[in-house]
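Please look through the sequence and the structure before reading on.

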Amino acid sequence: MSILSMEVTETPAPDDLDRIGKGLTSFNEADVGPAERRPLAILVHDSDGELVAGISGYTAWGWLYVQWLWVEEDQRGQSLAGQMLESAEQEARQRGCHGAYIDTFNPHALHVYQKAGYTVFGTLPNFPPGRTRSFLSKDL
């Protein structure tokens, strides 16, 4: 029997993180098939070429995951979030996706996502303290 050691760190080596990711990817592909993960970004620039809004996420296993959605403060209230979501969903459909998911702890963002057709399927209260993190999905 081999002796194992366990380390707790907030500064893991990039190679160690890469090994963990590759190990999990290998396990998942053997278990359920390839994810065919592809990055997906929506970028909105102003007339000066400055980035003022965007989405960062990916598609995998037939799903779109919107990891980050951001709109510059002076650009809010112009339906950019909904337009970006629509563009991301359209691209996801072209990639063969059948669903999308997103999460937030911001009450305004929650309303925007629900207005865009997303439905809450789970919550975590006090994440962060005083807020509820909501997980939402949408059929594509």
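Asp46 sits in the loop that joins strand S1 (38-45) to strand S2 (51-60), where strands are DSSP runs of E of at least two residues and helices runs of H or I of at least four, numbered from the N terminus. The model is a predicted one, in which local features need pLDDT of at least 70 and side-chain atom pairs count only at pLDDT 80 or more, while totals for chains, interfaces and linings use all residues. Residues are numbered from 1 along each chain as its sequence is written, and side-chain values use heavy atoms, with hydrogens and water left out.

With a relative accessible area of 30%, Asp46 is partly exposed (buried is under 20%, exposed over 50%, and partly exposed in between, with a 1.4 Å probe and protein chains only).

## Strands S1 and S2

Leu51 belongs to strand S2 and is partly exposed, at 39% relative accessibility. Pro39, in strand S1, is exposed at 67% relative accessibility. Between the C-alpha atoms of Pro39 and Gly122, which stand 83 residues apart along the chain, the separation is 25 Å.

## After helix H3

Just after H3, the residue Gly117 adopts a positive phi of about 100 degrees.
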